[in-house]
Amino acid sequence: MKISQATDNGRQAAEKSPSFLLGLVSLLFCLLLTACQPPNQPQGLTIPVQQVLTGRDIEVAGIVGQPEITERVRLEGIDAPDPAQHPWGEAAKNWLKQAIGNHPVLLESDLEPRDDNGQRLAYVWQNSQLLNEKLVAEGYAIATPPSPQPQIRPAPCPRPGSGKNTGIRDLESQPTDAAFTCGVS
């Protein structure tokens with residue numbers, strides 16, 4: 001009996017308070033709207049890659065609407081070994097070259113589209129995958145400090161015996177640059 005009385009009291013309170021019903025309907029409407037929103041899609045320029053220069057630099061053509069003009073683009077939010085850091089630099093370059101293949105990429109600029117030296121920076125997407133992030137996840141690059149619009153989630157360092165000893169995180173042969181040691185001494 002007490003439960004039915006409490007339910008009846010709740011109904012009476014709701015009937016007496018149109019603002020309660022209006023609030024409930026508004027809440028349900030907002031939930032419906034947010035559930036129907038498409039996921040954030042990257043915005044930018046889809047463009048062919050002329051060549052992969054390093055594990056963090058690509059050359060694209062037609063970025064200013066003229067196909068004969070090429071421009072170097074640095075992948076935003078990551079740092080990969082230089083080609084002179086053997087064998088890691090070449091491994092990072094080869095991974096990026098294989099990932100891109102002969103397909104165009106989507107370049108998404110951050111709030112600052114160029115670095116202090118004037119070089120174009122971009123998040124590079126292909127088939128809904130952020131290649132900057134994949135390079136980090138696969139162990140060929142490290143995430144750099146976040147930009148105002150962070151897109152890269154740093155991958156944790158692998159533990160010895162974890163089976164994730166690829167790229168610059170190969171625990172058997174670390175590069176000499178301390179920035180790529182991943183906490184392994």
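Me: Is Asp57 buried or exposed?

Reply: Two notes on the source come before the case. This is a predicted model, in which local features need pLDDT of at least 70 and side-chain atom pairs count only at pLDDT 80 or more, while totals for chains, interfaces and linings use all residues. Residues are numbered from 1 along each chain as its sequence is written, and side-chain values use heavy atoms, with hydrogens and water left out. Buried means under 20% relative accessible area, exposed over 50%, and partly exposed in between (1.4 Å probe, protein chains only). Asp57 has 1% relative accessibility, so Asp57 counts as buried.

Me: With which residue does Asp57 form a salt bridge?

Reply: Side chains of opposite charge can pair when their charged atoms come close. The criterion is a side-chain nitrogen of Lys or Arg within 4 Å of a carboxyl oxygen of Asp or Glu. Asp57 pairs with Arg74, with 2.9 Å between the closest N and O atoms. Arg74 is partly exposed at 23%.

Me: Which residues are linked in a network of salt bridges?

Reply: The network links Arg56, Asp57, Arg72, Arg74, Asp79 and Asp82. Within it, Arg56 and Asp82 meet at 2.5 Å, N to O.

Me: Which residues of H3 are buried?

Reply: An α-helix has 3.6 residues a turn, so residues three or four places apart point the same way. Helices (H or I, at least four residues) and strands (E, at least two) are DSSP runs, numbered from the N terminus. In H3, Trp88, Gly89, Ala92, Lys93, Trp95, Leu96 and Ile100 are buried. Their arc around the axis, taken from the directions from the helix axis to the C-beta atoms, is only 160°, which puts them on the same side of H3.
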